[in-house]
Amino acid sequence: MNVLGIDIGGSGIKGAPVDIKTGELVEDRYRIPTPEPSTPDAVADVVQKIVKHFSWKGPIGITFPGVIINGEIRTAANVDRSWVGVDGRALFGKNTHVLNDADAAGIAEMTFGAGQGHQGVVLVLTFGTGIGSALFTGGKLVPNTEFGHIEIRGKDAETRASDQARSEKELSWGIWADRVQEYLLQMERLLSPNLIIIGGGVSKKAKKFLPDVTINTPILPAMLLNEAGIVGAALATTEK
């Protein structure tokens with residue numbers, strides 16, 4: 001069975017049909033820059049363009065960078081604040097299922113990627129515009145954790161250690177690795193995970209910084225890279 005997965009991010013919105021039995025994209029990914037301002041109507045228009053690009057008529061999974069409870073968007077990290085209180089299914093259509101973007105990436109990694117088969121406490125972190133988090137125990141998701149917003153040195157962790165922070169502040173990989181390590185040590189103290197998976201766009205550059213990160217918990221780079229959100233969004237439609 002194929003499902004269209006769409007991943008809404010702070011800089012881009014991308015989608016592709018996914019074979020949910022294998023986790024593979026069955027067509028090339030289609031990406032459109034996130035509109036400015038990223039209001040619900042503007043983003044919904046982009047989502048519809050992606051749907052039309054694939055001439056899609058079936059179920060659609062959509063990620064969103066915020067807390068989603070019973071389909072309602074409760075927070076809006078790195079997108080326009082007007083999203084708060086929006087009913088995702090009413091906005092995007094009855095065939096859609098909306099979930100947190102990091103949760104989607106985590107579902108994909110636990111099903112087809114670096115977390116496959118792990119039954120302990122697994123923390124999946126996506127480093128991109130912000131820091132997204134997905135927590136699993138016994139293979140089950142604990143949704144909407146939002147650990148990118150824990151406080152480090154008086155600020156949201158993602159303002160110091162996201163990939164966007166690295167880029168904007170022109171940090172070397174070594175200096176950024178120190179910030180990532182400080183953040184991961186805090187997560188280790190809080191959660192005592194058995195495994196941490198590093199995802200998001202920066203995961204394809206893991207060799208540039210992960211060797212400089214030293215904590216007690218085993219760390220693995222994500223395997224699905226930038227496709228994780230799309231794949232997880234598609235998979236989540238079967239879990240409604």
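Mentor: With a term. A polar contact is a pair of N or O atoms within 3.5 Å; within protein, one must be able to donate a hydrogen and the other to accept it. Keep in mind that this is a predicted model.

Trainee: How many residue pairs are in polar contact between domain 1 and domain 2?

Mentor: Three residue pairs, with both residues at pLDDT 80 or more.

Trainee: Which parts of the chain are the two domains?

Mentor: Domain 1 takes in 2-104 + 227-237, and domain 2 is 117-221. Their centres, taken over C-alpha atoms, are 23 Å apart.

Trainee: How many residues of each domain are in contact with the other?

Mentor: On the side of domain 1 there are twelve, and they touch 13 residues of domain 2. About 840 Å² is buried between the two domains, and carbon and sulfur atoms give 45% of that area. Three residues supply 58% of what domain 1 buries against domain 2, more than any other three: Asn78, Ala102 and Asp103.

Trainee: Which elements give two or more residues to the side of domain 1 that touches domain 2?

Mentor: β6 (68-69) and α3 (101-112) do. By type, the residues of that side divide into five nonpolar, six polar and one charged.

Trainee: Now a helix. Which way do residues three or four places apart point?

Mentor: An α-helix has 3.6 residues a turn, so such residues point the same way.

Trainee: How many residues of α7 are buried?

Mentor: Nine of nine, in a helix that runs over residues 228-236. Among them are Ile230, Val231 and Leu235, along with Gly229 and Gly232.

Trainee: What covers the buried residues of α7?

Mentor: The cover includes the strands β1 (2-8), β2 (12-19), β3 (24-25), β5 (60-64) and β8 (96-100), and also α3.

Trainee: What does the side chain of aspartate 163 make a polar contact with?

Mentor: With the side chain of arginine 166, at 2.7 Å. Leaving aside neighbours within four places in sequence, aspartate 163 is in contact with Phe127, Gly128, Trp176 and Val202.

Note on methods. Residues are numbered from 1 along each chain as its sequence is written. This is a predicted model: local features need pLDDT of at least 70, side-chain atom pairs count only at pLDDT 80 or more; totals for chains, interfaces and linings use all residues. Side-chain values use heavy atoms; hydrogens and water are left out. Domain bounds come from an automatic or database domain assignment. Contact means heavy atoms within 4.5 Å. Buried area is the accessible area (1.4 Å probe) that two parts lose on being put together, summed over both. Helices (H or I, at least four residues) and strands (E, at least two) are DSSP runs, numbered from the N terminus. Ala, Val, Leu, Ile, Met, Phe, Trp, Tyr, Cys and Pro count as nonpolar, Asp, Glu, Lys and Arg as charged, and the others, Gly among them, as polar. Buried means under 20% relative accessible area, exposed over 50%, partly exposed in between (1.4 Å probe, protein chains only).
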